Amino acid sequence: MKPCKWGIIGPGRIAAKFADALKKVEGAELFAVGSKDLGRAKSFSERYSAKKYYDDYVELAADPSVDAVYIATPHTYHHANAILCLRNKKAVLCEKPMSVTYQSTLEMVKAAKESDSFLMEAMWTRFLPAVDKALQLVASGEIGEIKSVQADFGVIFPFEPTSRIFDLALGGGALLDIGVYTLFLPLYVLGEPDAVKSFSHFAVTGADETTDAILYYKNGNIASIHTTVLTETPLVASITGTLGSISIQAPFYKAPGFVLTKNGEHQSGGKRFDLPYGDNGFEYEIREVMSCLEKGKKESDLLPLEYSLRSAKVVQQICDQNNLRYNLSR
Ligand SMILES: NC(=O)c1ccc[n+]([C@@H]2O[C@H](COP(=O)([O-])OP(=O)(O)OC[C@H]3O[C@@H](n4cnc5c(N)ncnc54)[C@H](OP(=O)(O)O)[C@@H]3O)[C@@H](O)[C@H]2O)c1
C-alpha cells in the first residue's frame, strides 16, 4: 500500500484506538497530532511516536506533509474540523455521524467536491469481514429479495449531564452516538425510505435516551431500529429476504460473524460464518481510505458520500419529528 502520513484531530478515547490500528496497517504512519491542549497533543504524539504535534488544528491542517486526517472530536465539531482539512486539500476520514444536521453534512460533501479531496464517514462496521461478507451474500441474492431489516443498539451510559453522551452541545444522545449504527444496514441494503416514523424519550439535558424508528418503503419493505443508553439490548441486526435471513451476531456493530438461515433451518441453527477480525477492527476502514487514495479516488465505492447524506437525511427526519436540535460548534 502506498505510504500515507496521517494526522489526528481530537486525541481522545477513540483516537487512541485508531492510532493503535494505524500501527497494524502497512504504509500507514501517525505523523501529526492536533489538540486544543498542547500537553494532550504532546503526550499522545509521544505515546504513538508521531513526529509532530500541534496545539492548533489549523496548523495541523496546513502541514504539507500530512496526507490524511482522522477527525475524532465530538459530533458537533466534525463539520468545522473536516471543512478546515478539506480546504487544505487533506483527505478526511470523519468519525460518525458525519455531522449533526442534514444541511451541515451536505456542506461537508460540497467542501470535499470543491476542493477535490477525499471524504469518508468512519462507519467502520461497513468494512468488517463479517459485515462485508453478509453484504456480498445479500447482493448475490442468497436470501432472495430483501424485505426487512432490524437492528438494536442499547448500552448503558451512566448519566453525566456534561458528558459527550448527554450534553446536547456536543451532539449528545443515543441517536447520534449509537443509533447511526442501527440505521446503517437498513439504509445500506434498502436505500432511502419513503417515510419515517419515530419516537424519542429524553434525558433532562434534552438529549435522547431512547429512540425507536420505523422506516417504511412504498414497495412494502420495512426496517425498524431501537437505540438506547438506558439498557443493554441484544445488539443484533438481521436482514430478511424472500429466501432466508442473515442474523449478524452480537454485538453487530463489531460483528465477529453471522448466521445464514434458509429453508426453515431455524431448528438446526442455520449456517454459521465465523469471520473474526484480527486487530481492533479499525484497520479495515483505514485500508479502505488508503486504497482509495492510492487509486486517486475522492470517495469510497463501499461507503459513498451518498450513503452519509442518506443517513443524515433520516437522522434529520427523526430529529424534526422529536424536536431534537443541535448547533454546530467551532
Ligand atoms: N467508531 C467508534 O467505534 C467510535 C467510538 C466512540 C466514539 N466515536 C466517535 O468519535 C468521536 C469522539 O468521541 P470520543 O469518545 O473519542 O471523544 P472524547 O475522547 O471525549 O474527545 C475527543 C477529543 O474531542 C475534543 N473534545 C472533547 N470534549 C470536548 C468539548 N467538551 N469541547 C470541545 N472539544 C472537546 C478534545 O479534543 P482536543 O484534545 O483537541 O481538545 C478531545 O481530545 C465522536 O464523534 C464519536 O461518535 C466513534
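## Phe44 and the nonpolar cores

In this predicted model, Phe44 touches Ile8, Pro11, Gly12, Ala15, Ala16, Ala19, Leu30 and Val33, leaving aside residues up to four places away in sequence. Phe44 is also one of the residues with the most contacts inside the largest nonpolar core. Trp6, Phe18, Leu30, Tyr70, Ile246 and Ile248 share that description, and the core has 86 residues. Helix H7 gives the most to this core, with 10 residues.

## The largest pocket

The largest pocket holds about 940 Å³ of space. It is lined by 33 residues, and those closest to its centre are Arg13, Ile14, Lys96, Arg164 and Asp177. By class, the lining has 16 nonpolar, seven polar and 10 charged residues.

## Asp177

Asp177, one of the residues closest to the centre of the largest pocket, lies in helix H7. Is Asp177 buried or exposed? Its relative accessible area is 7%, under the 20% limit, so Asp177 counts as buried. Apart from residues up to four places away in sequence, Asp177 touches His75, Lys96, Phe157, Arg164 and Ile165. Lys96 and Arg164 are also among the residues closest to the centre of the largest pocket.

## Helix H4

Helix H4 has 13 residues, which at 1.5 Å a residue should span 18 Å. The C-alpha atoms at its ends are 19 Å apart, which agrees with that expectation. Just after H4, Lys89 takes a positive phi of about 65 degrees.

Why can H4 be described as largely enclosed by the rest of the structure? The reason is that 10 of its 13 residues are buried. The buried residues are His75, Thr76, His78, His79, Ala80, Asn81, Ala82, Ile83, Cys85 and Leu86. One of them, His75, is touched by Asp177.

About 220 Å³ of space lies in the second largest pocket. Of its 14 lining residues, Lys2, Asp67, Ala91, Leu293 and Glu294 are the closest to the centre. Helix H8 (residues 283–294) provides the largest share of the lining, three residues. The lining is made up of six nonpolar, two polar and six charged residues.

## The enclosed cavity

Rolling a probe the size of a water molecule over the atoms shows where empty space is left. How many cavities of 30 Å³ or more are there? The count comes to one. The largest cavity has a volume of about 60 Å³.

The residues that line the largest cavity are Pro97, Met98, Ser99, Val100, Thr101, Thr105, Glu121, Val180, Ser308, Ser311, Ala312 and Val315. Helix H9 (residues 305–321) gives the most to this lining, with four residues. Six of the lining residues are nonpolar, five are polar and one is charged.

Note on methods. Residues numbered from 1 in each chain as written. Predicted model: local features only at pLDDT ≥ 70, side-chain atom pairs only at ≥ 80, totals over all residues. Heavy atoms only, no water. 1 Å grid on protein atoms, 1.4 Å probe; cavity = no way out; pocket = protein on both sides within 12 Å on 5 of 7 lines; lining within 4 Å. Points joined across faces, edges and corners; volume = space filled by probe spheres on them. Nonpolar A, V, L, I, M, F, W, Y, C, P; charged D, E, K, R; others polar. Helix = DSSP H or I, 4+ residues; strand = E, 2+ residues; numbered from the N terminus. Core = buried A, V, L, I, M, F, W, Y, C linked by side-chain atoms within 4.5 Å. Buried < 20%, exposed > 50% of the residue type's maximum accessible area, 1.4 Å probe, protein only. Contact = heavy atoms within 4.5 Å. Expected span 1.5 Å × (residues − 1).
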